[in-house]
Amino acid sequence: MKKNFLVRAFFGVTIAAFGGVLLLKNLEIIKFDSWHVFWGTVWAAGLILAGLMTIFSSRRASLRVWGLLLMTIGVSIGLGAYGVINISVWKIFWPVVLIAVGLMVVFSIGSGNRKKYEKST
């Protein structure tokens, strides 16, 4: 229970802090020359962390594929924000999703049949 509370508190404080930064920027109290780099870094870090949490907390291979997908999108956004690569995330998003879904179908075919066979014997 403490772990759940700490995670919720961390995400709540983080979201409130980002809201505060956005409010200060919209009121022109603070100014960023590289606003797209800031948000690219925030999104990249969030997606990479979400992917890592998914990979390390799940036992199923299908969820690990989604974690890897989140990390790939996060790295792409981060590298795009810093100008290392010039690829739009949306140009690679749907092909990568289709590849991930296809791999999940392939890897889940054997596990579904095994469970039915074990129940019948």
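The expected span of a helix is 1.5 Å times one less than its number of residues, and helices (H or I, at least four residues) are DSSP runs numbered from the N terminus. The model is predicted: local features need pLDDT of at least 70 and side-chain atom pairs count only at pLDDT 80 or more, whereas totals for chains, interfaces and linings use all residues. Residues are numbered from 1 along each chain as its sequence is written, and side-chain values use heavy atoms, with hydrogens and water left out.

**View A. Helix H3 and the residue that follows.** H3 has 21 residues and reaches 30 Å from its first C-alpha to its last, close to the expected 30 Å. Its buried residues (under 20% relative accessible area, 1.4 Å probe, protein chains only) include Val65, Leu69, Ile73 and Ala81. Just after H3, glycine 83 adopts a positive phi of about 80 degrees.

**View B. The largest nonpolar core.** Leu47, Leu69, Ile73, Phe93 and Val97 form this core, a set of buried Ala, Val, Leu, Ile, Met, Phe, Trp, Tyr and Cys residues joined through side-chain atoms within 4.5 Å. Helices H3 (61-81) and H4 (89-120) each supply at least two of its residues. Leucine 69 touches Val96 and Val97 (heavy atoms within 4.5 Å), not counting residues up to four places away in sequence.

**View C. Helix H2.** The end C-alpha atoms of H2 (residues 35-57) are 33 Å apart, in agreement with the 33 Å that its 23 residues should span. Among the buried residues of H2 are Trp35, Leu47 and Ile55.

View D. Although not a glycine, glutamate 28 has a positive phi of about 60 degrees. Glutamate 28 counts as exposed because its relative accessibility is 59%, exposed being over 50%.
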